[in-house]
Amino acid sequence: MADTVPDEVHVTGTLVWYYHVCPREAWLMSRQLTPDEEDDNIRIGRLIHEESYVRFAREVTTAAGKMDRLVRRDSQWVVYEVKKSSRHEVSARMQLLYYLLQLHEDGIEAVGELHFPEERRVVRVTLGPSEMCEIQNTVEEIQTLMSQPLPPPPQRIPVCRQCAYAEFCWA
């Protein structure tokens, strides 16, 4: 499965999310190796994104990736990240911190909200000094991982049972 090392490692919010779920998955995604698009979890996630919060603006695409929603509320920018469940809340939080960091670096101050529509729960996320350090360290770790010519070896973790990349690891 050797692959050439990309000329430039481009970190996105989606890669940050995958990295915190499974670094191997992030490596595969960075090489444009797409998962099984007919996987039930991917289809459910896509449906939730399409049906949830339709009154707000749709996805916003930036160099950082695709933010689920970006709205102006009470004179402040708010980045929404909508997830199927809070099962991977840490990963979702890191993804949202990455978007907030990218906006901050572009001179836009914003706060974030993680939305879990099926749980009717919202978690507010802010980018303070400790969060900024945390996400910057994560970006460096991802860049190091992505510069490797081979993915990390597969490791059985709980998400493997529902992973759309299972064929890449266990076939």
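So, contact range to start with: take the contacts in this chain between residues at least 6 apart in sequence, and 67% of them join residues at least 24 apart. Keep in mind that what we have here is a predicted model.

On the overall make-up, the secondary structure comes to six helices and six strands. If you walk along the sequence, the order is α-α-α-β-β-β-β-α-β-β-α-α. The chain has 171 residues, and 41% of them are buried.

Okay, let's go to helix H4, residues 89–105.

Now, how much of H4 is buried? That's 12 of the 17 residues, so the helix is largely enclosed by the rest of the structure. If you want to click on them, the buried set includes Met 94, Leu 96, Leu 97, Leu 100, Leu 101 and Leu 103. Tyr 98 and Tyr 99 are in there too, and so are Ser 91, Gln 95 and Gln 102.

And what do those buried residues pack against? On the helix side, H1 and H5. On the strand side, you've got S2 (65–67), S4 (76–82), S5 (110–116) and S6 (121–125). Once you come out of H4, look at Gly 107, just after the helix: its phi is positive, about 85°.

H1 came up there, so let's stay with it. This helix is mostly covered, with seven of its nine residues buried. Those are Gly 13, Leu 15, Val 16, Trp 17, Tyr 18, Tyr 19 and Val 21. The cover over them includes H2, H4 and H5.

The H1 and H5 pair is worth a slide. For any two packed helices, you'd describe them by the angle between their axes and the distance between the axes. Here, H1 (residues 13–21) and H5 (residues 129–146) pack at about 85°, and their axes are 11 Å apart. Anything from 65 to 115 degrees counts as roughly perpendicular, so that's what H1 and H5 are to each other.

Which residues meet there? From H1, it's Leu 15, Val 16, Tyr 19 and His 20; from H5, it's Ile 135, Thr 138, Glu 141, Ile 142 and Leu 145. Sorted by class, that contact has six nonpolar residues, two polar and one charged.

Last stop, some loops, with backbone angles for those of you who like checking them. Gln 32 isn't a glycine, yet its phi is positive, near 60°. You'll find Gln 32 in the loop between H2 (23–30) and H3 (40–51). Its relative accessible area is 63%, so Gln 32 is exposed.

Asp 74 is another non-glycine residue with a positive phi, near 50°. This one is in the loop between S3 (69–73) and S4. Asp 74 has 73% relative accessibility, so it counts as exposed.

Then there's Lys 84, in the loop between S4 and H4. Buried, exposed or partly exposed? Partly exposed, with a relative accessible area of 30%. And to go back to sequence separation, Lys 84 and Glu 119 are 35 residues apart along the chain, with their C-alpha atoms 8.7 Å apart in space.

Definitions and conventions. Residues numbered from 1 in each chain as written. Predicted model: local features only at pLDDT ≥ 70, side-chain atom pairs only at ≥ 80, totals over all residues. Heavy atoms only, no water. Axes fitted to C-alpha atoms, helices over the stretch in contact; angles between N-to-C directions. Helix = DSSP H or I, 4+ residues; strand = E, 2+ residues; numbered from the N terminus. Parallel < 35°, antiparallel > 145°, perpendicular 65-115°, else oblique. Contact = heavy atoms within 4.5 Å. Nonpolar A, V, L, I, M, F, W, Y, C, P; charged D, E, K, R; others polar. Expected span 1.5 Å × (residues − 1). Buried < 20%, exposed > 50% of the residue type's maximum accessible area, 1.4 Å probe, protein only.
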